[in-house]
Amino acid sequence: MTTDFQRSPWPHRFALLTAIATFPLLFMGGLVTSMGAGLAVPDWPTTFGYNMFAYPWSKMVGGIFYEHSHRLFGSAVGFLTILLTISLWRCESRPWLRRLGAAALGAVIVQGILGGLRVVWTQTTLAIMHACVAQAFFALAASLALFTSPEWDRQPEKKISADAGRIQRLGLTTTGLLYLQLILGAMVRHRGEFIAWHIIGAAVVAIHVILLANRIVRRHGDLPTLARSAVLLRGLLLLQLSLGFAAYFAKFTVEGVLLSPYFVLLATSHVVIGALMLVTSVRLTLRAFRFLGAHHQALASRFASGQASL
């Protein structure tokens, strides 16, 4: 295995930059939806006939500002993803990680096409798909930042625990439920459908997050990296539930609030905190598999290394 001092730092730097840049891009995308500016620019890949990068800043007013800024920032994230993929293929010795980099590049290309077709074909289904791919890409970028980090370069000694398998399965389930909840949220935002299912989903996700985080904090507090991720996920849950309740109350009980700055900020923040929850759950689950091992896994490892005695 390549040691720390031999491994190039550039893949991690580009992965970190890509993940960090994706977060404000999600916020900007949420603003576009919350402001109803998704079709403020009617053409693609041009902008009112201009090359997208040559459109005059003086004309970026109203909804055009939100939509066109989102396009420009999306292009920047796409460029960072290209740099990330190139750095992985040039500097990374792990084939699976290079393939993940290629998958990230493919995802950002698909995401750009979906966003463009949404404008050209004006179909709400494409807007929902665009939102869902954005969340998945953010999780993938954050995972690449973890895989290329010095933390992942060091092989830890697994803590053998009877509940390792349960925590790992609970982490996978929680992550899957969070992503399903984000899909339902996209349907609520773009079509006003499945509101009841979204509320039920919030309760199911909350139960799983609390069970997962509490078990890790209570039983594996001696693994600080794992425990910190659990505490963060639990804190984000409380914030997300508060934002969701406030957004629901504002949308369905206060007249004329939908385009107010208060509601726009609430709804958009609800989207991006959901994205942070997904990313945190993904990284927490990856760490659970890395730091925790069951008894049978320890025995298999011992036999493989010739340390077990008959």
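**Entry 1**

I looked up Tyr-66 and found it partly exposed, because its relative accessible area is 27%. (Buried means under 20% relative accessible area, exposed over 50%, and partly exposed in between, with a 1.4 Å probe and protein chains only.) I worked on a predicted model, where local features need pLDDT of at least 70, side-chain atom pairs count only at pLDDT 80 or more, and totals for chains, interfaces and linings use all residues. I noted that residues are numbered from 1 along each chain as its sequence is written, and that side-chain values use heavy atoms, with hydrogens and water left out.

Next I checked Phe-65, which is partly exposed too, at 37% relative accessibility.

**Entry 2: aromatic pairs**

I used this rule: rings of Phe, Tyr and Trp (its six-membered ring) pair if their centres lie within 6.5 Å; planes under 30 degrees apart count as stacked, over 60 as edge-to-face and the rest as tilted. I got 7 aromatic pairs. Phe-65 and Tyr-66 are edge-to-face, because their ring centres are 5.5 Å apart and their planes stand at 80°. Phe-147 and Trp-152 also form an edge-to-face pair, with centres 5.3 Å apart and planes at 70°. Both Phe-147 and Trp-152 are buried. I also found one aromatic cluster, made of Phe-48, Tyr-50 and Tyr-55.

**Entry 3: H4 against H9**

I turned to helix H4 (residues 124-147) and helix H9 (residues 261-291), which pack at about 40° with axes 9 Å apart. (Helices are DSSP runs of H or I, at least four residues, and strands are runs of E, at least two, numbered from the N terminus. Axes are lines fitted to C-alpha atoms, for helices over the stretch in contact, and angles run from 0 to 180 degrees between N-to-C directions.) H4 and H9 are therefore oblique to each other. (Under 35 degrees is roughly parallel, over 145 roughly antiparallel, 65 to 115 roughly perpendicular, and the rest oblique.) I listed the residues in contact (heavy atoms within 4.5 Å). Among them are Phe-138 and Phe-147 of H4, and Leu-278 and Val-282 of H9.

**Entry 4: Thr-175**

I found Thr-175 in helix H6 (residues 164-191). Thr-175 is buried, at 16% relative accessible area. Leaving out residues up to four places away in sequence, Thr-175 touches Leu-278, Ser-281, Val-282 and Thr-285.

**Entry 5: H1 against H2**

Last, I took helix H1 (residues 10-34) and helix H2 (residues 63-91), which pack at about 160° with axes 9 Å apart. That makes H1 roughly antiparallel to H2.
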